[in-house]
Structures are given as C-alpha cells and as structure tokens.
Amino acid sequence: MSTRQVVIVGGGFGGLGSLKALYQSFPKHLKIQVTLLDPADHQLYYPWVYQVASAGLTSTDPNFEAALTTLTTFDYSNWSGYKNTNHYREELVGINQDRRTVLTASGRSFYFDTLLLAIGSTHQDFSIPGLTDNSIPLKNLEDALKIRTSLSKLVVRAQAGEQLTVAVIGAGPNGIEFITKLAHVLPHYLGANCLGSIKLQLLDPASTIGRFLSPKLNQNFETRLTQLKIDLLLGRRLVGFKNGTGNFTLPNGHQEKISADLFIWSAGVKPWPITNTLGLALDERGRIKVNEHLQTSISGIFAVGDTAVVSWDGGISNPPTAQAAHSFSRIAGFNLTAYLLHRPLSSVPKKIIWSLICTTGGNYACGNLWGWSFSSRLGFSLRCLADLRYFLFSWSVFRALKIWLKGVRFFLIENKYGHS
Ligand SMILES: Cc1cc2nc3c(=O)[nH]c(=O)nc-3n(C[C@H](O)[C@H](O)[C@H](O)COP(=O)(O)OP(=O)(O)OC[C@H]3O[C@@H](n4cnc5c(N)ncnc54)[C@H](O)[C@@H]3O)c2cc1C
C-alpha cells in the first residue's frame, strides 16, 4: 500500500484532537503522511483569553505581554509522538475536487487522499453599523491584548479620579467570564480610594443570561453578578453606534442610548467567509454541513469544530465550544483512518448532555455538570481540571502538565493579587 496522504486544515481543538486520534487508530505498519496547514505557528488556548484581557493592568514590565502570549499559545514545532507530520504556515483558500488538492493563499497546493477541515470561526458582527470602530471583540489573542491596553489606560484615568464605564455586550459564557474576572481584579489595581470608579455593565438582547442552560444556573450567575456589583442590562439589542454611543432597541421597540468609555463585543461567532467558496453544502448560517460520520457533502472530506454543523435526523447538533470540537474530533480522527482503510465509519453519539463550567471571578465558577448546577470554589477546581484534560487531549502528558501548571499558577496568583 502506498503512503496515504492526510491533510488537516486548522490546528485548533478540532484539528489537533483529530490528529491525535488519527495516530492512535492508524496501523503502525502502514505508511501515512500528515500535513497540517495553519497560518499560525501555534494553537491558541481560547479558554484563557479572558485572563489575558484582564491581567496585569498596572504592570510596567515590558515583557508582560510576551509572558501572557507564551502562557496561552502552544507551538506546533514540538510534535512528540507524531512522526511524518509537517506543519506549513499556509491559509486555505480553495479545494480542487477533481485533483483532490487543497489550495493556499501563497499559491501552493497539497494533495490529499482524505481531508479534514477544522478552521474554527470568526466573531459574529451582525453587520452592525459602527461596531468595528467603537468596540473591541473578545475573540482572539490580539483582541485580548488590545482590550488589556485600553483597560490599563482606563485604570490610570480612574486613579486620577474620573468616573468611567466599561460595557460588555453579550452575556454568554465568554462575556460572563471576562466581566466577573474584571470585577474581581479591578479593586487590586484601583486601590481602596478609587473603588467604584469604573462601573461595569453587561448587556444582552435576551431576557435572561446563560439562556441555553438550566434556570438554576441562570440564577447562580445573576447572584454572582450582583455580588460583584455588575449592572446586568437585559433585553437590549445593539443596533448601531453614533458618536461613540451605543444605540440599543428594547423589547417594546423603544430606543436607548448607552455611553461607555470602552465597549467590548462578545456576542458569538460565525463561520469564516472562505467556507462559502469551497463547493461544500452549508447550513443557513454558513457552517459546513456534516453527517453523523462528520463527512461533508464530498466523499473523503470531513469537517469538525466551529466550522461544521452536524445535521442528521433526530441526532444532536454541536455548539461552538472547545468541548464539542474536541469530543467530535476523536471521531473525526478515527474516521480519517477508517476512510483510508475502507472500514466502516464511526458515528457521533445521538445524545450528549453538554456541560459548562464558567469561571466567575476570584477562583469561583458556576456550572452545570450532568444536570447538577453549582456556584463554588469547587467549581473553579473542576474547571482547572477541565483545562488539564484539554491539554492532555492535544499534547504529550509531559507537555500538557507543563503548560497547565505554568498557566494555572500564573492565573491563580493573578486572581488573588493582580499582577503589577
Ligand atoms: C475568548 C473565547 C473563550 C472561549 N472559552 C471556551 C471555554 O472556556 N470552553 C469551551 O468549551 N469553549 C470555549 N470557547 C470556544 C472554543 O474556543 C471554540 O469552540 C474552539 O476553539 C473551536 O475549535 P476549532 O478547532 O473549531 O477552532 P479553533 O480552535 O479556533 O482552531 C481553528 C484553527 O484554524 C486556523 N485557521 C483559520 N482559518 C484558516 C484557514 N483559512 N486556513 C488554515 N487554517 C485556518 C486558525 O488559525 C486556528 O488555529 C471560547 C472561545 C473564545 C473566542
């Protein structure tokens, strides 16, 4: 049998999880060549992005940003255990179905016997006028560093006696983690005399927060936000910005203007525009449609993670979370092997109860595991263990432990004292 060529596009949760499962399932005596295409040279650990955005707000250390970057990004160059895998810093721009090649922005093409698309998503902007100029999204590392710089400037102004407001738009897990962490660490940075000089607002069009989970969990979130003195402004849909002020529509149709010194946009994700041009079947939101085997509309091409939507009668769908990207990536990896060896393909389970553990400032977390809702320090410990689990899925045990211990130690200190 000749060497089988596998191309994986995107080295995030879905791509790396699939790579590991592919190596676990592909027979050792057969030959395989894996090509990972990703314009980045590292995986970004999204669950710690909110920590970056709120860390060391008064730090004068010129290396602080670099330290945050090192803590949250993991280089692809260390492929311990993945023989015959090469990473190329290339961006997918097309697929030639007849030649079975992937085309990249630099003009190169890569042949595949089987292909996995795991390119993730970008932030959803709903084409809201003025959004880009008046707010910063909380999606990737660059965004988080921009937010951190803006917050550092606000802290200086607040210390000089100004009354300021930070508004986070989008009360999903991402927005909640960020604003609660901020509420917890700001007093460290402002000092006792300035307490309350940066007001925090959390806005959302829905009438309740954490809407996809249990009512008990929503209540836990609301209690925690109240404890941290965060204003929760629900039922407000952002429709545009004028002169730096956000215009919101209320459920009764009235308009409301809300001013803030910094708007942070945390309102979900959408697929990258490139998915429109690949010749694959998409759902109405532009995500690549895959069946229960994670196969796209073209034989031999699989997709997983935020970029894909599992659509099959009576079966579950996948939320845009690392948890879903990761658990389905195992099936994707096994199916890459099964496809190459003409074996039956595995299916995603018909039912999964997704869990959630969302940090809520100061080593606290609210969550829902197997139907049990909690808000506690124990929840925070569980969340730290969940982080370790992700690292173990993508990297060797030694590397996973190293990454985890370094990050957890740093952010635990940050939660307690702030970094200055
Ligand atoms: C701030 C933030 C915090 C989050 N926190 C959590 C959390 O705590 N728990 C949780 O379960 N989920 C969390 N999520 C969601 C989670 O990060 C995503 O669902 C998950 O990363 C999706 O995995 P993926 O493999 O589909 O995409 P990603 O992990 O984003 O990986 C996609 C990869 O594809 C690459 N890529 C993109 N375009 C191209 C292209 N054209 N060609 C080649 N490569 C390309 C990218 O560089 C990237 O490396 C968070 C998301 C954000 C934004």
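Because the model is predicted, local features need pLDDT of at least 70 and side-chain atom pairs count only at pLDDT 80 or more, while totals for chains, interfaces and linings use all residues. Residues are numbered from 1 along each chain as its sequence is written, and side-chain values use heavy atoms, with hydrogens and water left out.

Let's start with the empty space. Rolling a probe the size of a water molecule over the atoms shows where such space is left. Here a cavity is a set of points, on a 1 Å grid over the protein atoms alone, where a 1.4 Å probe fits but cannot get out; lining residues have an atom within 4 Å of a point. Grid points are joined across faces, edges and corners, and a volume is the space filled by probe spheres set on the points. Counted this way, there are two cavities of 30 Å³ or more.

The largest cavity has a volume of about 90 Å³. Its lining includes Trp-48, Tyr-50, Phe-380, Arg-383 and Asp-387. Sorted by class, that lining has seven nonpolar, two polar and two charged residues. (Ala, Val, Leu, Ile, Met, Phe, Trp, Tyr, Cys and Pro count as nonpolar, Asp, Glu, Lys and Arg as charged, and the others, Gly among them, as polar.) Helices H2 (49–53), H9 (377–394) and H10 (397–417) each supply at least two of the lining residues, and the largest share, four residues, comes from H9. Helices (H or I, at least four residues) and strands (E, at least two) are DSSP runs, numbered from the N terminus.

The second largest cavity comes in at about 30 Å³. Among the residues around it are Lys-181, Gly-361, Gly-362, Phe-380 and Asn-415. This lining has three nonpolar, six polar and one charged residues.

Now for H9 itself. This helix has 18 residues and reaches 27 Å from its first C-alpha to its last, close to the 26 Å expected at 1.5 Å a residue; the expected span is 1.5 Å times one less than the number of residues. At its N-terminal end sits a cap, Ser-376, with a side-chain oxygen 3.4 Å from the backbone nitrogen of Leu-378. Buried residues of H9 include Gly-379, Cys-384, Leu-388 and Phe-391. Phe-380 counts as buried because its relative accessible area is 9%, and Arg-383 does so at 10%; the cut-offs are under 20% for buried, over 50% for exposed and partly exposed in between (1.4 Å probe, protein chains only). A polar atom of the Arg-383 side chain also lies 3.3 Å from the backbone oxygen of Pro-47. This is a polar contact, a pair of N or O atoms within 3.5 Å; within protein, one must be able to donate a hydrogen and the other to accept it, and residues adjacent in sequence count only if both atoms are side-chain atoms.

What about the ligand? Of the 32 residues around it, Gly-14, Asp-38, Leu-92, Asp-306 and Ala-322 come nearest, where being near takes a heavy atom within 4 Å. An oxygen atom of the ligand is 3.2 Å from an N or O atom in the side chain of Tyr-46.

Arg-100 has a positive phi of about 55° although it is not a glycine, and is found between strands S6 (92–96) and S7 (101–104). Phe-126, likewise not a glycine, has a positive phi of about 50° and lies in the loop between strand S10 (122–123) and helix H4 (131–134).

How values were computed: On a 1 Å grid over the protein atoms alone, a cavity is a set of points where a 1.4 Å probe fits but cannot get out, and a pocket is an open set with protein on both sides within 12 Å along at least five of seven lines; lining residues have an atom within 4 Å of a point.
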